[in-house]
Structures are given as C-alpha cells and as structure tokens.
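Please consult the sequence and structure shown below while reading.

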Amino acid sequence: ANIERWVRQFRGTDGGPIVPVREDITVAGMKVALIELKGAYQGMGAAAPRPGQMQFGVIVQAPGRNVFLRLNGPERTVELHRKDFRAMVDGLRADLAAPPAP
C-alpha cells in the first residue's frame, strides 16, 4: 500500500502516471523492496506538484516490523546521493531493526 501511495504522489511530464523502478533484494536475511520515482511530486498537503523531483524509497521486512525509508528532493540532489543511499541499505542489520526487548 505504501508503494502505491508513493507512486500516486508522482506524475510524469505529461501529467500522467509514472512507472516506478523496483528492485527486490535480501539484506542480512531481510526482504527489501527498493523503489525509484522521478517526476512532478505532490506530497500530502502540497498546493501543487513540484516538477523535477526524485525519490528513493525502501521497505524492509525486518524482524517483528516493517521499516520505511525515503529520500525525496530535487532530482539532481537525490541522484548525487544514490551511492550513499544504496550503501546505507546494503549495510542494514537485522539486529538494529528489531524491536526493543520488553
């Protein structure tokens, strides 16, 4: 549901829907969905879409919970951080994503 909502927040240059780039991987035994979106972004409460935006989104199926990570901003800025964002995702550890012990 989150991926669908993220995709609906973006529009192509023609105002139509966009097709996300999706990659499903496993990191530290956890399923991870990576989503890349580009276009005009209109988040919740925004008056109008902002063109030239980009998002890297991640959903991690961690032990006992799902973890959601997003990097949104101008396409050029987000693109500059592609390698760092991917390094962060590749460095995830299940023990850090687990809920705290009672």
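Aspartate 90 and arginine 86 form a salt bridge through their side chains, at 3.0 Å from N to O; the term denotes a side-chain nitrogen of Lys or Arg within 4 Å of a carboxyl oxygen of Asp or Glu. Both residues belong to helix α3 (residues 82-90), where they stand four residues apart, about one turn of the helix. Helices (H or I, at least four residues) and strands (E, at least two) are DSSP runs, numbered from the N terminus.

Aspartate 90 is partly exposed, its relative accessible area being 44%, and arginine 86 is likewise partly exposed at 27%. In this scheme, buried means under 20% relative accessible area, exposed over 50%, and partly exposed in between (1.4 Å probe, protein chains only).

## Basis of the values

The model is predicted: local features need pLDDT of at least 70, side-chain atom pairs count only at pLDDT 80 or more, and totals for chains, interfaces and linings use all residues. Residues are numbered from 1 along each chain as its sequence is written, and side-chain values use heavy atoms, with hydrogens and water left out.

## Other salt bridges

The structure contains seven salt bridges. One of them joins lysine 38 to glutamate 75 at 3.7 Å, N to O. This pair links distant parts of the chain, since lysine 38 lies in strand β3 and glutamate 75 in helix α2 (residues 75-80), 37 residues apart. Lysine 38 is partly exposed at 37% relative accessibility, as is glutamate 75 at 30%.

Another salt bridge connects aspartate 24 with arginine 22 at 3.0 Å, N to O. Aspartate 24 is exposed at 53% relative accessibility, whereas arginine 22 is partly exposed at 49%.

## Pairing of strands β2 and β3

Strand β2 (residues 21-27) pairs with β3 in the antiparallel sense over seven bridges; pairing requires that DSSP find at least two bridges between the strands. Arginine 22 has isoleucine 35 of β3 as its bridge partner. The hairpin of β2 and β3 has two residues between the strands, and alanine 28 there takes a positive phi near 50 degrees.

## Aromatic pairs

Two aromatic pairs are found in the whole structure. Rings of Phe, Tyr and Trp (its six-membered ring) pair if their centres lie within 6.5 Å; planes under 30 degrees apart count as stacked, over 60 as edge-to-face and the rest as tilted. The rings of phenylalanine 10 and tyrosine 41 have centres 5.1 Å apart and planes at 50 degrees, so this pair is tilted. Both residues, phenylalanine 10 and tyrosine 41, are buried.
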